[in-house]
Amino acid sequence: EGIGRVRARILFNNRIRDVGDVKSANIATLKHLLGDKIAISLKKQVGEDVGEVPISKRKGQVSLKKFE
């Protein structure tokens, strides 16, 4: 519930393709892809109880200030 065509495509492109993949996916990854509320809702739908969503640091491009 709450996963339409666009969100399903986002999950599929990030190798989350079935319920088992959603269960094994890190909540921080789902949060980054779908947002806080949808990630928590999705984890609850597959039977996992999620309390606090941990804050994760973004992996990827860094600020230009670090290249000074």
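Reader: Which residues of α1 meet which residues of α3?

Author: R7, I10 and L11 in α1 meet L30, L33 and L34 in α3. To meet is to be in contact, that is, to have heavy atoms within 4.5 Å. The model is predicted, so local features need pLDDT of at least 70 and side-chain atom pairs pLDDT 80 or more, while totals for chains, interfaces and linings use all residues. Residues are numbered from 1 along each chain as its sequence is written, and side-chain values use heavy atoms, with hydrogens and water left out.

Reader: What makes up the secondary structure of the chain?

Author: Four helices and zero strands. Helices (H or I, at least four residues) and strands (E, at least two) are DSSP runs, numbered from the N terminus. In order from the N terminus, the elements run α-α-α-α.

Reader: Why is α1 called oblique to α3?

Author: Start with the angle. Helix α1 (residues 5-13) packs against α3 at about 135°, with the axes 10 Å apart. Axes are lines fitted to C-alpha atoms, for helices over the stretch in contact, and angles run from 0 to 180 degrees between N-to-C directions. Under 35 degrees counts as roughly parallel, over 145 as roughly antiparallel, 65 to 115 as roughly perpendicular, and the rest as oblique. That makes α1 oblique to α3. By class, their contact has five nonpolar, no polar and one charged residues. Here Ala, Val, Leu, Ile, Met, Phe, Trp, Tyr, Cys and Pro count as nonpolar, Asp, Glu, Lys and Arg as charged, and the others, Gly among them, as polar.

Reader: Which hand does the crossing of α1 and α3 have?

Author: α1 passes α3 in a right-handed crossing. A crossing is right-handed if the near helix is turned clockwise from the far one by less than a right angle, and left-handed if anticlockwise.

Reader: What makes α3 and α4 oblique to each other?

Author: Their angle is about 135°, and their axes are 7 Å apart. α3 and α4 are therefore oblique to each other. Their crossing is right-handed. In α3, the residues involved are I27, L30, K31 and L34; in α4 they are D36, I38, A39, I40, L42 and K43. This contact divides into seven nonpolar, no polar and three charged residues.

Reader: Why is L42 called buried?

Author: Buried means under 20% relative accessible area, exposed over 50%, and partly exposed in between (1.4 Å probe, protein chains only). L42 has 9%, so it is buried. L42 is found in helix α4. Leaving aside neighbours within four places in sequence, L42 is in contact with I3, L11, V22, L30 and L34. Its C-alpha atom is 9.8 Å from that of V19, 23 residues apart along the chain.

Reader: How many of the 68 residues in the chain are buried, as a percentage?

Author: Buried residues make up 21% of them.

Reader: Which residues form the largest nonpolar core?

Author: The core has 11 residues: L11, I16, V22, A25, I27, L30, L34, A39, L42, V46 and V50. The elements that give two or more residues to this core are α3 (27-34) and α4 (36-45). The largest share, three residues, comes from α3. A nonpolar core is a set of buried Ala, Val, Leu, Ile, Met, Phe, Trp, Tyr and Cys residues joined through side-chain atoms within 4.5 Å.

Reader: What does V50 touch beyond its neighbours within four places in sequence?

Author: V50 is in contact with I27, I40 and K43.

Reader: Why is K23 called partly exposed?

Author: Its relative accessibility is 43%, so K23 counts as partly exposed. K23 lies in helix α2 (residues 19-24). Not counting residues up to four places away in sequence, K23 touches K43, V46 and E48. K23 and G47 are 24 residues apart along the chain, and their C-alpha atoms are separated by 8.2 Å.

Reader: How do you know that D21 is partly exposed?

Author: D21 has a relative accessible area of 25%, so it is partly exposed. D21 lies in helix α2. Past its neighbours within four places in sequence, D21 is in contact with R15 and I16.

Reader: What makes R15 count as exposed?

Author: R15 has 68% relative accessibility, so it counts as exposed. R15 is found in the loop between α1 and α2.

Reader: What is the phi of R15?

Author: It is near 65°, a positive value in a residue other than glycine. Most residues other than glycine have a negative phi.
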